[in-house]
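The sequence and the model come first.

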Protein chains: 2
Amino acid sequence: MSNHDALKQYDSSLFRTPDGYTSDIAVFTILSSKLGDFKPPLMTLMVMLIKRSKLNAEGLPNIEAGKWALPGGFVQPDESAFEAAKRELEEETGVSSIHIKHYNVYDKPGRDPRGWIISNAHYAIVPEHALEKRKANDDADDVKLFSIDDVLTLDLAFDHRQIIEDAIKVIKHDLLHTTIAKSFLPDQFTYSELQAVLKTVTNDSGITSDQAFARKIKSLPFIKEVPGQKTQRTSKTPTQLYQFIDDVNIVKPIYTARY
Amino acid sequence: MSNHDALKQYDSSLFRTPDGYTSDIAVFTILSSKLGDFKPPLMTLMVMLIKRSKLNAEGLPNIEAGKWALPGGFVQPDESAFEAAKRELEEETGVSSIHIKHYNVYDKPGRDPRGWIISNAHYAIVPEHALEKRKANDDADDVKLFSIDDVLTLDLAFDHRQIIEDAIKVIKHDLLHTTIAKSFLPDQFTYSELQAVLKTVTNDSGITSDQAFARKIKSLPFIKEVPGQKTQRTSKTPTQLYQFIDDVNIVKPIYTARY
DNA sequence: TCAATAGTGTCTTTAAGACAGTATCCG
DNA sequence: CGGATACTGTCTTAAAGACACTATTGA
């Protein structure tokens with residue numbers, strides 16, 4: 001019997017099927033408080049949430065109205081959750097080609113009072129300026145940035161507290177163990193700008209010590225000096241600019257690392 | 001308007017919903033070819049696949065019949081995909097309390113000819129002896145172990161080639177960057193046994209060199225010597241046994257590691 | 001000249017890497 | 001006592017960590 005015949009026999013009504021498949025996105029940005037001319041920035045890692053509106057797009061009462069939640073929405077049958085995340089983020093911020101990554105799935109029975117709804121969770125990194133145009137839409141009364149400390153004190157919709165906690169854990173890890181820090185920085189950056197990004201998630205003395213980090217950055221295999229390029233945006237002293245090298249991402253096995 | 005009223009208004013038929021939600025599991029084990037008494041083992045990393053049967057449990061023609069596929073099945077509405085993976089693995093192998101981890105979701109439109117079916121993929125590690133009792137069931141004609149090299153030469157069902165490739169990439173990474181190697185080993189093990197596990201996925205000289213690795217294991221913060229415990233199962237010389245220390249899992253940031 | 005940022009000089013300590021050598025035991 | 005596995009001794013080299021010091025510039 002052919003595959004085609006088998007297909008004709010298949011009847012999905014034999015199974016109970018999910019009531020929905022959503023793509024949620026934890027959108028991270030770093031707010032860079034300019035402390036003045038010739039100063040390195042003070043950086044704070046922020047996550048963007050929406051406030052769910054009283055009525056939905058159809059004018060019907062909305063579920064979990066008034067609570068803060070991750071942006072996201074139902075995945076369409078002709079797209080993947082990743083594509084849905086990309087689409088929604090572009091609608092929201094106007095930015096495409098940014099870092100988006102799946103990090104977990106949330107499917108615990110009862111997690112959504114509307115039924116059996118599976119959430120595919122992503123995190124995204126967008127530059128600060130892209131969020132200036134952020135806007136409330138049909139589903140949201142408000143859109144706001146919260147620091148990763150403040151966000152967990154809010155009244156959050158569904159199981160979004162768990163989803164956000166996990167996102168924060170993942171981005172903290174990825175910032176220190178991959179080169180995604182580059183998504184928060186201009187193409188060319190000073191050692192103190194990279195350091196400011198990393199200091200949003202770590203107190204490691206090898207990173208927080210200026211001398212140590214200024215030395216270390218020269219020997220990192222995935223970062224190179226841009227010869228002759230200097231800037232004065234962080235200090236009066238003209239300062240060397242660096243760049244991430246693409247496709248170099250060495251992580252030492254824990255069995256050969258130094259401790 | 002209350003949350004309860006909002007819920008009454010909600011009608012999931014407004015959306016097209018998925019036709020199914022499955023949990024698939026890449027089951028890994030290490031075949032340990034005993035080369036003889038007083039020898040360290042030769043280890044090979046294997047993945048378990050099933051051969052899809054001609055007819056399904058209801059006696060109807062099965063989809064993708066005759067092809068090799070990952071074990072798995074439809075998630076029930078009262079369980080999470082992780083629980084489904086656990087349940088199916090216990091049905092199949094009789095083993096509970098083993099390492100299972102979600103690593104990706106597969107939801108590309110058209111990936112399953114039966115409709116819009118979302119696969120939540122996990123990998124699992126089971127000890128070799130647990131797979132002795134492996135058996136074909138209603139859905140499977142055969143169950144077999146393949147080396148991670150051989151497996152990609154097979155005719156695989158659905159998009160399982162991609163899912164298996166990803167699983168192999170993830171387990172290779174996790175073996176070197178987390179302490180999951182412990183799932184392949186007895187509680188107490190010699191340096192050469194741990195080395196044999198790691199050699200299934202790396203050629204790093206710090207791991208393949210006997211002297212280097214025998215020295216290094218003493219200074220790893222997540223492994224401790226078991227004082228006075230020796231074995232002769234790998235050599236005539238009584239050999240020191242080691243243990244993983246729980247809850248120690250240091251990974252150095254790439255910005256402070258040595259290169 | 002001061003204050004602030006960006007470095008460099010240099011010493012100590014630690015560990016990686018290479019290579020040779022020793023230890024233990026069974027058959 | 002031969003062969004195989006499990007180590008240890010020792011030298012060289014590289015880099016981390018700490019601390020003091022210099023360099024550059026605008027106000």
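Two residues are in contact when heavy atoms of theirs lie within 4.5 Å. The model described here is predicted.

Ile171(A) belongs to helix α3 of chain A, which spans residues 160-177. Its relative accessibility is 0%, so Ile171(A) counts as buried, the limit for that class being under 20%.

Leaving out residues up to four places away in sequence, Ile171(A) touches Phe28(A), Leu45(A), Tyr123(A), Ile125(A), Ile180(A) and Phe184(A). One of these, Tyr123(A), is 48 residues from Ile171(A) in sequence, and the two C-alpha atoms are 7.9 Å apart in space.

## Interface of chains A and B

The size of an interface is often given as the accessible area lost when the parts come together. Here chain A and chain B bury about 5,800 Å² between them. Carbon and sulfur atoms carry 68% of that area. Ile254(B), Tyr255(B) and Tyr259(B) supply 14% of the area that chain B buries against chain A, more than any other three residues.

Chain A brings 67 residues to the contact, and chain B brings 67 residues. How many salt bridges does the rule find across this interface? It finds zero between chain B and chain A.

## Largest pocket

The largest pocket has a volume of about 1,800 Å³. Its lining consists of 45 residues, and the closest to the pocket centre are Lys101(A), Tyr103(A), Lys101(B), His102(B) and Asp174(B). By class, the lining divides into 13 nonpolar, 19 polar and 13 charged residues.

Which elements give two or more residues to this lining? In chain A they are β5 (99-106) and α3; in chain B they are α2 (81-93), β5 (99-106), β6 (117-125) and α3 (160-177). The largest share, seven residues, comes from α3(A), the helix in which Ile171(A) is found.

## Cavity

The structure holds one cavity of 30 Å³ or more. The space in the largest cavity is about 70 Å³.

Both chains take part in the lining of the largest cavity. From chain A come Val251(A), Lys252(A), Pro253(A), Ile254(A), Ala257(A) and Tyr259(A), and from chain B come Ile250(B), Val251(B), Lys252(B), Ile254(B) and Ala257(B). Nine of the lining residues are nonpolar, none is polar and two are charged. Ile254(B), part of this lining, is also one of the three residues named above for the area that chain B buries against chain A.

Key: Residues are numbered from 1 along each chain as its sequence is written. Chains are lettered from A and ligands numbered from 1 in the order in which they are written. This is a predicted model: local features need pLDDT of at least 70, side-chain atom pairs count only at pLDDT 80 or more; totals for chains, interfaces and linings use all residues. Side-chain values use heavy atoms; hydrogens and water are left out. Helices (H or I, at least four residues) and strands (E, at least two) are DSSP runs, numbered from the N terminus. Buried means under 20% relative accessible area, exposed over 50%, partly exposed in between (1.4 Å probe, protein chains only). On a 1 Å grid over the protein atoms alone, a cavity is a set of points where a 1.4 Å probe fits but cannot get out, and a pocket is an open set with protein on both sides within 12 Å along at least five of seven lines; lining residues have an atom within 4 Å of a point. Grid points are joined across faces, edges and corners, and a volume is the space filled by probe spheres set on the points. Ala, Val, Leu, Ile, Met, Phe, Trp, Tyr, Cys and Pro count as nonpolar, Asp, Glu, Lys and Arg as charged, and the others, Gly among them, as polar. Buried area is the accessible area (1.4 Å probe) that two parts lose on being put together, summed over both. A salt bridge is a side-chain nitrogen of Lys or Arg within 4 Å of a carboxyl oxygen of Asp or Glu.
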